[in-house]
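Biologist: I am new to this structure. Please give me the overall picture, then take a close look at a single part and walk me through it.

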Amino acid sequence: MAFDLSNYKLTFADEFDTLSVSHDGKGTTWTDQLWYGGYFGEAKFGSPATTGYNPFSVKDGILTITAEKTAQGWQSGLLSSVDPKGNGFAQTYGYFEMRADLPGGQGSWPAFWMLSIEHLKGTSPSRVELDIIETQGNRPTELFTTVHSYASGSKTINKNNYTKNVADWTEGFHTYGMAWDEKNIKFYYDGNLVQTVATPADAHKDMYLIVNLALGDMIGSNYVDSRTPNRLEMKIDYIRAYSADPKAVPVDPKPAPSPSPAPSDGTGTIKLHVAGDRYNGDPQFTVFVDGKQVGGIYSTKAAHAQNRWEDVVVTGNFDPSKPHTVEVRFVNDANDGKGGDGHDRNLYVDWIEIGGKRYEGESA
């Protein structure tokens, strides 16, 4: 069952319609540095400010982190939600989710994780770490979800920190989530609970977000060798955080921008207020006027379960001042038979606007 967000506030959201990143974090959502000297395998995390390599690009609401074999060795990228002094987004407890298409292949090591902010401020030597997801490219049906704790006086991790026999995560976009509270830390894959770990004594503090594409091994068989592709891409649709704290300050859930209308020599315009439920991809639809398709294939990223909507503008060769029959055809309906959020792809049309008139509800 998908995690219930009905009593939660959205406290962080990057839909990657643009990229907000800098080296020092001033005025941006992300920094491209990690303030932690951990092991990350073969790749250097590139930054135009330090290596001259830019691993980040955004197109059509998708962030791509590219790992590439260069003359200077492997270069890749990392995003952190705080700067070197711990300024930025950090939170205690909540639900955290990423929707991403992760690269497979020998040596690939993408991750979405959190670190305690204390080590940045010098108040604690321990680095409590919550790995929402790590994957190893040579094991495409296994997920690694790990809690690193120092509560015992030395580093410990949860036993059986990986889940076997999941749907192949290299095949398209999937969601990776973690619900963290005073008692438990629960990990989700495509809305399904895959592991529960008791919250350790030192994991009751602010933690910040990190996402990166590393290369290398953490289990003894995913080392970089001749089988490793020379270029790997990690694609991220969104990263979001929620809080059940009544005092939490919500962020403005701005809808994703509408897809660009298809080129047309017509003068008629239709605006649709739409939302969707995702299951293994976004809902897609086409629009017909009097039996003829106008525009191309459209999709929506606005999550209906979170009351997020977006306006899609469609332009076609018709006279908007005259009456027409308008059809919206849902072209990729799908579900896995389990029901519920994350298991059924749906399309919702709240209203249609044409010729300056709006048609709502059943009339739409």
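**The chain, then strand β6**

Modeller: This is a predicted model. A compact globule of 364 residues would have a radius of gyration near 21 Å, and the chain has 22 Å, which agrees. Along the principal axes, the C-alpha atoms fill a box of roughly 75 × 50 × 40 Å. The chain holds one helix and 28 strands. Of its 364 residues, 48% count as buried. The chain exposes about 16700 Å². Carbon and sulfur atoms supply 47% of that area. Now take the contacts with a separation of 6 or more: residues 24 or more positions apart account for 70% of them.

The close look goes to strand β6, residues 62–70. Strands of a sheet pair through backbone hydrogen bonds, either parallel or antiparallel. Start with strand β5, residues 56–59. β5 and β6 run antiparallel and are joined by four bridges. Within this pair, Lys-59 stands opposite Ile-62 in β6. The two strands form a hairpin with two residues between them. In that hairpin, Asp-60 takes a positive phi near 55°.

Next comes strand β7, residues 73–76. β6 pairs with β7 in the antiparallel sense, over three bridges. These strands also form a hairpin, with two residues between them.

For another view of strand pairing, go to the open sheet of three strands with the order β23-β22-β25. Its pairing is antiparallel. β23 (292–299) and β25 (326–330) stand at the edges with a single partner strand each, so one side of each is left without a neighbour in the sheet. On average, neighbouring strands of this sheet are turned by 20° against each other, direction ignored. Strand β22, residues 284–289, is joined to β23 by five bridges. Val-287 has Val-294 in β23 as its bridge partner.

One last stop is Ser-149, in strand β13 (residues 143–149). Is Ser-149 buried or exposed? Ser-149 has 6% relative accessibility, so it counts as buried. Its side chain reaches the backbone nitrogen of Ala-151 at 3.1 Å. Beyond its neighbours within four places in sequence, Ser-149 is in contact with residues including Lys-155, Pro-200 and Asp-202.

How values were computed
Residues numbered from 1 in each chain as written. Predicted model: local features only at pLDDT ≥ 70, side-chain atom pairs only at ≥ 80, totals over all residues. Heavy atoms only, no water. Pairing = 2+ DSSP bridges. Axes fitted to C-alpha atoms, helices over the stretch in contact; angles between N-to-C directions. Rg over C-alpha atoms; globule rule 2.2 N^0.38 Å. Buried < 20%, exposed > 50% of the residue type's maximum accessible area, 1.4 Å probe, protein only. Contact = heavy atoms within 4.5 Å. Areas by Shrake-Rupley, 256 points an atom, 1.4 Å probe, with all protein chains shown as cover. Polar contact = N/O pair within 3.5 Å; in protein donor to acceptor, adjacent residues only side chain to side chain.
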